[in-house]
Amino acid sequence: MQEPTTFIASIWTTNGQGVCTSAVDKDADLPPFPAGVFLADWLRTHAVDGHDAAARVTDALGRQAAFDDEVAVACADGRVRRIVVSGLPRRAGDGTCEGFSGAFADVTEHQEALDVRTILESIEDGFFTVNRDWEITYANTLAEVLAGVAPGTSTGSVLWDVAPGLEDTPIAATYRRAMERRENASFEAFYAPAGAWLSLRVYAREDGLSVFFHDISDRKRAEARLEELATRDHLTGLPNRAWLNGHLKAMLGRTQSQAGTTVMFIDLNRFKEVNDSLGHAAGDNLLQQVGQRLQSCMRPGDVVARLGGDEFVVAASCTGREAAAGIAQRLLKTLTVPFYVDGLEMCVGASIGISLSGQDAATPDLLFQNADTAMYKAKALGESSYQFFEPEMSVEARRRLQIEAALRRALELGQFELYYQPRIDVRTLRLRGVEVLLRWTHPELGRVPPLEFIPIAEERGHIEAIGKWVLREACRVGKRLGDKYGTMLHVSVNVSARQLRSADLVTEVEQALRDAGFPPCALELELTESALIDDTEQSVDVLRRLKRLGVTLALDDFGTGYSSLSYLKRFPVDVLKLDRSFFLEQSLDANGDEFVSALVHMAHALGLKVVAEGIETEDVMESLRACRCDEAQGYLFARPMALPEFDKFLQSGVSGVLAA
């Protein structure tokens, strides 16, 4: 390859918007490119054909892409010189663009492509170019090191010869498509010969391809680990409820299958005795054996998961009660065979509750609920038995009708009340904010638990009006208490799935903030994972609009919904709230501290603040301090309080616990 004869007149760097941050000028006659000046403005001012060039460079900056443009520039010596303006994006470790590095080169005598090898060797990306015969025309040192060849030896060689094993990979297929169609590509892929995940950007040219790549193996390992933590039970390795929820939803959505979906709740009969008498280690060993035993009974396509404690769930495709009963009998039979733990023989047995889709329920939540109800009926009947869900098993159906009727006028009659639970800084024990919780007291039904009335309110369409009231009242109280105590009180409000789907949500949030005079940065909206994935495209749009208002977004009850790293990456959330179940199980599981620590570390790596819910003991609090969890709430600090009680709570410690 013949070396181009060029003269580097200036080397410079810019930020991501193209504003000069540094420049070294080697040609006194070329107009200077001083710090603080936009590259596009320099082109418009000094280049004869600068407006078109400025537009092209501005477009490349916006796409965070490399650029290479030739312009005519009037210089101080009176000459008009042909100057090549070229730049390359600088990438941070996470792949974001930090800015651009580039140069002005005088190619008046030889108008050839600018060789920016000095810049290409300084970037953190591997880079190479090939011609249309796939011969390497340039490769920087990082690219050659990844290919396993000595630096400076690859030029002129065929790409497939330099990188053995590449030719038959999806990466190579993308290269060929880019070459044939002359289209750019950006993608991530695993490069097996090097055992590395790569982020690649391919730019098609008239005479071949230019390829930038970056090793993202560390990020991929972190993502895979967090995905595993979020969707797998760490003790047995079985799927957890988060994963099972998504799987059940998919099973229910397969209209082409004539088989129904069956959920079975399995509760071990003597597990507490084993745990209490032999200790948690023996109990963990037994649970692992039970998980393996249940898996061995599964047909292809059926799934067994662990919910926690001694509760397991089976999701199976089968038609009718007879087929479901056959599966249940097989499960009970395998569990009656003795287990051996620490040399001791033990028999545990189980009770199984069965819920059928269509007949009993059409959603994962209802299948779970009905199977759980049936399981308690089976438990009451004696050991090693199973029961199908029947509507008459409980009085819940009648109570539900009462709740539905009373909900219609509960807001109008002023029966709702907000309670407040403090959120505490784990390190300093200072008050960081408060979560607002809805409570309902009915004159006849008494105090109705939120888990009873909120799903019904959402299903019957009352939740939007209730949620609007909660939001306005929370902002009003937050403003009043903040003014009273001379601080900015951070208030967290739950948003339901139906509210998230409402076209008016963003407007209602903005109106509530404006009417109360409450600062947006002090408002946090909590959303559940299941609410977000009902319509991911709409959810992403709504969350981005809410972010533009300046509010904080939190993912609530992480670990109970569809916990997935892909959702954490896609949705612009700021806070991850760990469900209380993580900490309830710590007392049963010797690995609980390590599990929570890994989860907190992974969340921090994704730039998320972590809040632990349901903290009740000092031991758990010490674990949270050790793993650098950010905030916590629970009965250890304070139960949810009515407003007068919360006001007294603030009065008693406002000088020492309120944090801005």
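# A guided look at a predicted protein model

Visitor: How many helices and strands does the protein have?
Guide: This is a predicted model, in which local features need pLDDT of at least 70, side-chain atom pairs count only at pLDDT 80 or more, and totals for chains, interfaces and linings use all residues. Residues are numbered from 1 along each chain as its sequence is written, and side-chain values use heavy atoms, with hydrogens and water left out. Helices (H or I, at least four residues) and strands (E, at least two) are DSSP runs, numbered from the N terminus. Read that way, the protein has 24 helices and 27 strands.

Visitor: What percentage of the residues in the protein are buried?
Guide: A residue is called buried when its relative accessible area is under 20%, exposed when over 50%, and partly exposed in between (1.4 Å probe, protein chains only). The C-alpha atoms fill a box of roughly 100 × 65 × 45 Å along the principal axes. Of the 660 residues in the protein, the buried share is 50%.

Visitor: Among contacts with a separation of 6 or more, what share joins residues 24 or more positions apart?
Guide: Contact here means heavy atoms within 4.5 Å. Counting contacts in the protein with a separation of 6 or more, the share from residues 24 or more positions apart is 61%.

Visitor: How many residues are in the second, separate core?
Guide: You can find this core by looking for L235, V274, C297 and L356, which it includes. Its residue count is 35.

Visitor: Which residues does L525 contact, leaving aside its neighbours within four places in sequence?
Guide: L525 is one of the residues with the most contacts inside the largest core. Beyond its sequence neighbours, its partners are L471, V493, V495, V509, L546, V551, T552, L553 and A554.

Visitor: Are helices α1 and α2 roughly parallel or roughly antiparallel?
Guide: Axes are lines fitted to C-alpha atoms, for helices over the stretch in contact, and angles run from 0 to 180 degrees between N-to-C directions. Angles under 35 degrees count as roughly parallel, over 145 as roughly antiparallel, 65 to 115 as roughly perpendicular and the rest as oblique. The axes of α1 (residues 39–46) and α2 (residues 50–62) come within 7 Å and cross at roughly 165°. So α1 and α2 are roughly antiparallel.

Visitor: What about α17 and α19: roughly parallel or roughly antiparallel?
Guide: The axes of α17 (residues 505–516) and α19 (residues 536–549) come within 10 Å and cross at roughly 15°. The contact is made by L505, V506, V509 and E510 of α17 with V542, R545, L546 and L549 of α19. The two helices are therefore roughly parallel.

Visitor: How far apart are the C-alpha atoms of V506 and L549?
Guide: V506 is found in helix α17 and is buried, at 8% relative accessibility. Leaving aside its neighbours within four places in sequence, V506 touches V542, R545, L546 and L549. Although V506 and L549 are 43 residues apart along the chain, their C-alpha atoms are separated by 8.4 Å.

Visitor: How many disulfides does the model have?
Guide: A disulfide is a pair of cysteine sulfur atoms within 2.5 Å. The sulfur of C629 is 5.6 Å from the closest cysteine sulfur, in C627, which is too far for a bond. C627 is buried, with a relative accessible area of 10%, and C629 is buried too, at 5%. By the sulfur rule, the number of disulfides is 0.

Visitor: What is the phi of D342, roughly?
Guide: Most residues other than glycine have a negative phi. D342 is found in the loop between β14 (339–341) and β15 (344–346), and is exposed at 64% relative accessibility. Its phi is positive, near 55°.

Terms used. A nonpolar core is a set of buried Ala, Val, Leu, Ile, Met, Phe, Trp, Tyr and Cys residues joined through side-chain atoms within 4.5 Å.
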